[in-house]
Structure formats: structure tokens, C-alpha cells
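Please read these notes alongside the model.

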Amino acid sequence: MCSVLMTRLLLCSFFLLERNYVISTEYRGKSLGTLNSYHHQVGGEVFAVNEYTLLISDFTFDGSATDAFFWAGASSRPGPQGFILANEYGRTDVLKRYLGKELKLTLPDNKKLTDINWFAIYDLSKNIAFGDVYVPEDFEPPVKQIIGDFTTKSHGVSSGPIEILDSKTIKIPMFSYNGAGKDTYFVVGNGPQPSAKGRKIPDESGYLDNLRTYLNETIILELVGDTTVFDIDWLSVYDIQSKENFGWVLIPDEPNVPPSLQKVADKIENIMHCVQLHKKLQLSWQVFGPQITIRLAGQIDEDNYMAFGFSGSEEAPQMLGADIAITYIDGFRGQAMDYNITEKSPCVKVLGQYKGVCRDTLVGGLDDNQVHTASRENGINVITYRRNLQSYDVGDKEFKTNTLNSMIWAIGRMNHQKEPSVHDYFPRSVLKLDLDPKPPIDTCYPFTVNTEPLKKDVWDQSKIIDSSLRMMTATLGPSGGKKGFQGLTGLPSPGLAWFINGYLIPEIWLKRGITYVIHIYGGNNPHSSQYYHPFIITDEPNGGYDGMTEVAQKHTRILAGVQYTLRRQARPTSAGPLCLRERKGFDRRLDDNFLTFKEFNKSLDMRCEPGDPAILEFKPNSSWPDIVYYHSFVQSNMGWKLHIVDKFSTGRNSAAQVQFNWFLGILFYLIFTRM
């Protein structure tokens with residue numbers, strides 16, 4: 001009896017070990033084999049990541065040698081005729097002790113794996129290999145694979161030659177689709193051809209909404225969760241509602257491609273139901289009695305928020321009139337603040353009344369969200385909160401269990417005052433949510449984490465360095481997404497920014513003792529929370545003086561743009577009619593697709609209200625700091641730096657640039673005074 005039981009336990013243990021091994025196995029590239037171990041406990045398996053890169057998995061070396069390096073060569077066996085490979089930090093130091101490490105090594109001087117015959121851990125002083133592995137003579141390292149164009153079925157779907165860049169990434173050049181499908185997505189699956197059994201994958205921006213229109217665009221798709229190209233047979237532009245395939249391409253069996261740089265995180269535990277809202281955001285919920293428990297999980301930066309709540313419209317994702325929760329982690333504490341949206345702007349006080357994206361408590365309501373748990377791990381925020389289905393706040397909307405609820409979501413950055421700035425991610429269509437689906441719904445998948453540092457891709461910073469500059473023109477326009485204001489300043493944006501002489505938030509050099517004049521078109525209607533922006537200059541980088549606390553105001557010096565009352569209250573003096581650059585009918589989420597500010601600016605049209613500009617005249621003096629900032633009086637984070645100098649350095653600007661900036665300022669003045 002005991003013998004049989006022991007045998008079963010051993011078999012069960014073996015099964016569990018085998019099962020865990022299968023689950024944890026991930027594609028690391030094409031294996032060159034296990035390191036042959038001769039000395040110093042060398043061990044590990046070597047993979048070819050691509051033509052130029054090796055990956056050593058579970059690498060072990062006791063580190064006791066005094067002159068050992070990563071070494072490779074083209075001779076028949078390891079020897080002094082070879083070259084050093086830099087370690088995982090890019091340095092050619094003597095090897096230290098390693099224990100079960102995973103290392104990625106790149107061959108120097110654009111050498112390829114097909115140029116070498118072996119890789120070794122080699123002691124240069126003793127001319128001896130402690131461990132090595134050989135590259136087979138007919139070895140083909142992983143490279144991107146071209147798999148053909150989309151086979152066009154309908155709706156204008158077409159593409160150039162599609163490439164598999166790595167095990168999770170597919171590039172589609174010259175992609176076109178007319179956007180006329182009702183419920184159309186990028187879908188992958190198994191079988192000889194596309195079918196309704198496939199599964200949606202996010203578009204190039206991470207959205208899981210109905211696909212937009214494309215016209216000869218190059219896009220890159222990423223497979224989600226633990227899915228790789230080895231798990232699918234096809235990629236399709238597929239309409240789920242009509243079960244129609246608009247265009248597709250077959251994925252070859254076992255393509256010899258590089259491994260992905262993404263790591264798969266553990267799946268977040270559901271409460272009961274779970275919906276993947278975006279590649280970066282998951283919603284999980286459960287209704288129990290008169291209350292609903294909501295869990296938001298987001299792969300976001302530390303200063304980001306996750307928003308979820310009711311749309312202001314039943315049929316469209318509308319901010320105005322929305323009732324939402326803004327969730328974020330403040331230090332170690334989770335927050336789920338109740339917000340009401342009355343204007344498309346951060347919350348400001350307009351003639352004694354708060355307007356914009358404001359906390360319920362500021363507009364006479366209640367904050368009845370109760371935070372239960374909050375955590376951050378591997379770059380993923382998980383916040384769970386609870387509220388009544390029918391809130392005690394008459395301004396809040398009711399979660400209904402007998403009909404579909406029209407919901408919206410967003411991801412954005414908190415500003416320095418712990419208030420939400422304009423959202424970076426938001427839905428293209430309203431989310432129709434059934435709070436009690438049967439059977440329980442789960443479309444969520446594990447997040448993937450990029451282990452490589454992301455490159456910062458921003459537009460060039462505009463600079464005005466002109467010793468003859470005396471006059472400038474200030475107008476408003478869109479902040480330009482992550483390549484614009486956010487990328488250039490590192491600060492969150494309310495969505496609008498100052499354009500000076502046609503440039504987005506340029507850095508401007510001014511000389512002490514010179515009088516400057518700015519013609520201002522920032523909006524002069526104090527009833528508008530979105531388009532009322534008197535121009536000021538201060539010594540602090542955020543702006544929005546009117547919304548600062550009294551303590552912050554006392555520590556802020558306003559250098560130009562206000563007058564003080566007898567009670568020492570600041571009143572703005574430079575609020576001119578509105579001149580706004582805008583782009584009607586264009587999705588703001590596509591701002592990051594513009595490669596340069598020049599391209600972005602060409603897409604904008606100018607709309608100006610009648611009236612003369614406000615004129616701000618000022619003269620920097622010796623009391624001004626070397627760096628000051630131009631701002632909006634009411635909103636933070638709309639302007640940028642003014643460099644105050646005693647003299648201009650020789651050669652800083654050419655005669656042509658001086659003449660151009662002078663001409664540009666005069667041109668803007670003449671245009672706006674005639675509107």
C-alpha cells in the first residue's frame with residue numbers, strides 16, 4: 001500500500017515538474033548547444049538571438065581566473081587568434097563570478113555569427129579555454145522573415161511584404177483599409193484560414209477598438225500575453241460581427257526569427273469578470289448586493305493615472321458630463337477619487353465656480369469610492385475599490401445590472417498638484433458593459449514587459465536666439481502628444497500649449513536691459529475654463545498661478561503679466577482674443593505619428609477671434625534669474641523657458657536667422673491685426 005502511494009506521489013511530482021518546465025519555457029533564439037565545461041565550473045546554454053547577438057542562459061563561472069574573457073574566433077578551435085566580446089554592461093573587463101545569470105552579448109565591429117566557428121570563456125594569459133561551444137558549419141542565425149502581402153478580400157485591405165521581426169512582432173508596410181467594417185480587428189488564430197475562433201490582438205497603438213482607416217501606413221503589431229508566432233497560423237483583418245475576412249496572410253511553420261525582447265508577467269488575478277480595455281489596461285469587476293467592486297490593472301508609469309467610469313453620452317465616448325474615478329498610487333497609498341467633468345480642461349476656478357475635470361467634493365458632491373488594495377510591481381499598478389451601485393451623490397450615475405452601461409476609460413499623467421492632466425490613451429468607441437454576464441467573461445491576458453530601455457523619441461526643441469529680436473506673437477495650439485510638450489519638457493500637459501512666433505514652446509534667449517513686446521492671443525473670455533489664458537512670466541517651471549495654494553503663490557515671483565490690487569492679489573493684464581491652431585476631425589492619438597514638428601504644424605489650421613491682441617511689454621533686469629518661464633495665468637504646464645543673458649555669444653545666430661525671426665514676428669503681427 002505504502003509502495004503504491006509512494007509511486008503515485010513520485011509520478012505526480014514528476015508530472016508537476018514537467019508541467020512547470022513546459023510553462024516556464026520561452027523561446028530564446030536558435031540553440032547552439034550547451035557550453036562544454038573544462039574548468040572553473042563553466043556552464044550554460046548558448047543561443048543565437050540574431051546575426052550579431054548571443055544569449056547565454058543559466059550562465060555559471062566561478063570567477064577565480066585572473067585573465068578570463070568572453071572570446072570568439074574563426075579558427076578551427078579556441079586559441080589566441082580571436083577577439084573579445086564585451087560583457088553584459090558593454091565593457092571588456094576580466095570576467096567576474098556568475099551564478100545562473102542570463103547574458104546577452106553582441107559581436108563587435110558588426111561581425112556576424114556566420115563569421116565565427118566558436119565561442120569560449122578563454123584565459124588570455126594561459127591560452128586555455130574554460131568552456132566553449134561551436135557554431136555548426138551550415139548554421140543559419142535567426143533573422144526577420146518576409147512572409148508576403150495581405151491577400152485582399154474586401155474593404156480595400158492591402159499591404160506591402162509583411163515581415164516577422166521577432167517571435168512576437170509583425171511589421172506591415174504600406175497597410176491600407178477603408179475603415180468601413182462594423183466590428184473589425186486584427187485577429188490571429190489557428191487552422192487553414194481565418195475564422196470566428198481567432199482572437200483579437202491590439203493595433204499598432206495598443207487599442208482593441210474597431211479599426212480606423214489606414215492609407216499606405218507602416219504599422220507594427222505585437223502579439224499579446226504568451227502568444228508567439230509559433231502559436232498561430234494566420235493574421236487577418238477580420239470583422240467579428242459579420243464573420244467576414246477582409247484580408248489575411250499565412251504564418252509559416254516554425255519561422256527562424258529572433259526571440260522577442262518582451263517578458264511575460266504573471267496574469268493579474270480577476271475578481272470575477274475581466275475585460276482587456278487596452279494593451280496597457282485591464283478592468284475586472286464583481287457585483288455583490290448593492291455594491292460593485294472594481295479592479296483596474298495598468299502597465300503604466302509611476303506618475304500615471306487610470307480612469308474608469310460613465311461616458312457623458314450613451315452612444316459615444318464623451319468626456320463632457322462623464323462621471324469617473326481617477327485612480328493612482330501616491331507613494332505607497334492607492335487613490336480612487338470621484339471626478340465630474342464639465343469642461344475639456346483641468347479643473348480651474350472660473351468666476352468663483354469650479355469647471356473642468358474636478359473632484360466631486362469641489363463641485364458640491366461626495367467622494368464615495370472606497371479603496372481596498374493598491375500595489376505596484378513590475379511596472380504594473382493594481383488598484384481595487386468599491387462603491388454603491390446607486391451612489392448617495394445625486395450627481396453620480398448609477399451602475400445598472402439590468403441593462404448595458406456606457407463606460408469610458410483613460411490613461412494619463414498626474415501633474416505636480418496630483419491632478420489629472422490630458423489623457424494619453426482613451427477609447428475610440430464607448431464600452432457597453434454588462435455587469436452580470438453569463439457565463440463569466442474573461443478576455444484579459446498577461447502583460448508583457450519590455451526588458452530593453454525605450455528610446456525617447458521627441459521632436460527637436462525649437463530655439464529663438466536672436467540679438468535683434470524685440471517683438472513676439474503668442475498663440476495657442478495642441479501640445480503635440482508625447483513627442484511634443486511632454487517629450488520636450490518632461491512635464492504632463494493640459495492639452496494646449498503656447499506657440500511663440502509659430503513655434504511650439506520654443507526656448508527663447510533675451511537680453512537684460514532690452515524692452516520686449518509680446519502680442520498675445522490666448523483667449524480673453526473668463527467664463528471659459530478651456531480657452532482663457534492670460535500670459536505671464538514667472539520664476540517657477542509649472543505656471544497656473546491662479547490655481548496654486550497660498551503657500552506656493554508666496555514662493556512664486558511673477559515677473560510680468562499681472563497687476564496687484566491693494567490687497568496684494570494678482571490680476572492678469574495680458575488676455576487677448578483667442579487665436580487657436582487646431583485640426584478638425586483628426587484623432588489626437590495620431591499626433592505621435594508625425595516625425596517632426598514641421599510636419600505636425602503643417603497639419604494645423606488657424607482660427608482667430610476678432611479683436612486687438614493684448615500687449616505685454618517688459619524689460620528683463622539684473623534681478624531676473626538666468627532662467628525664467630512663460631505660462632498661462634490659470635493653467636499649468638503650457639509654456640517653457642526664457643534664457644536671460646547679459647550679452648549674446650558671438651556666432652550664436654546667423655544674419656539670415658536674425659532677419660528671418662524679425663520678419664516672422666512682423667508677419668504674425670500683421671496677420672493677426674487684420675483678422
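Leaving aside its neighbours within four places in sequence, with which residues is Ile508 in contact?

1. Ile508 is in contact (heavy atoms within 4.5 Å) with Ile464, Leu469, Met472, Ile500, Tyr630, Lys641, Leu642 and His643, its neighbours within four places in sequence being left aside. This is a predicted model, in which local features need pLDDT of at least 70, side-chain atom pairs count only at pLDDT 80 or more, and totals for chains, interfaces and linings use all residues. Residues are numbered from 1 along each chain as its sequence is written, and side-chain values use heavy atoms, with hydrogens and water left out.

2. Ile508 also belongs to the largest nonpolar core, which has 42 residues. Such a core is a set of buried Ala, Val, Leu, Ile, Met, Phe, Trp, Tyr and Cys residues joined through side-chain atoms within 4.5 Å; buried means under 20% relative accessible area, exposed over 50%, and partly exposed in between (1.4 Å probe, protein chains only). The residues with the most contacts inside this core are Trp498, Ile508, Leu510, Phe535, Ile537, Phe618 and Tyr630. Strand E37 (residues 496–500) supplies the largest share of the core, five residues. Strands (E, at least two residues) and helices (H or I, at least four) are DSSP runs numbered from the N terminus. A second, separate core has 28 residues, including Phe59, Leu95, Ile116 and Phe139.

3. An unreviewed UniProt entry carries the annotation "domain: DM13" for residues 29–136 and 148–252. UniProt positions are in the numbering used here, feature names are shortened, and annotations may be inferred rather than shown by experiment. Residues 29–136 are 0% helix and 49% strand, with end C-alpha atoms 15 Å apart. For residues 148–252 the figures are 0% helix, 46% strand and 10 Å between the end C-alpha atoms.

4. Asn245 sits in strand E18 (residues 244–250) and is buried, at 16% relative accessible area. Its side chain makes a polar contact of 2.8 Å with that of Ser236; the term means a pair of N or O atoms within 3.5 Å, where within protein one must be able to donate a hydrogen and the other to accept it, and residues adjacent in sequence count only if both atoms are side-chain atoms. The Asn245 side chain also reaches the backbone nitrogen of Gly247 at 3.1 Å.

5. Ile240 lies in the loop between strand E17 (234–239) and E18. With a relative accessible area of 36%, Ile240 is partly exposed. Beyond its neighbours within four places in sequence, Ile240 is in contact with Asp183, Tyr185 and Lys200. The C-alpha atoms of Ile240 and Lys200 are 9.3 Å apart, with the two residues 40 apart along the chain.
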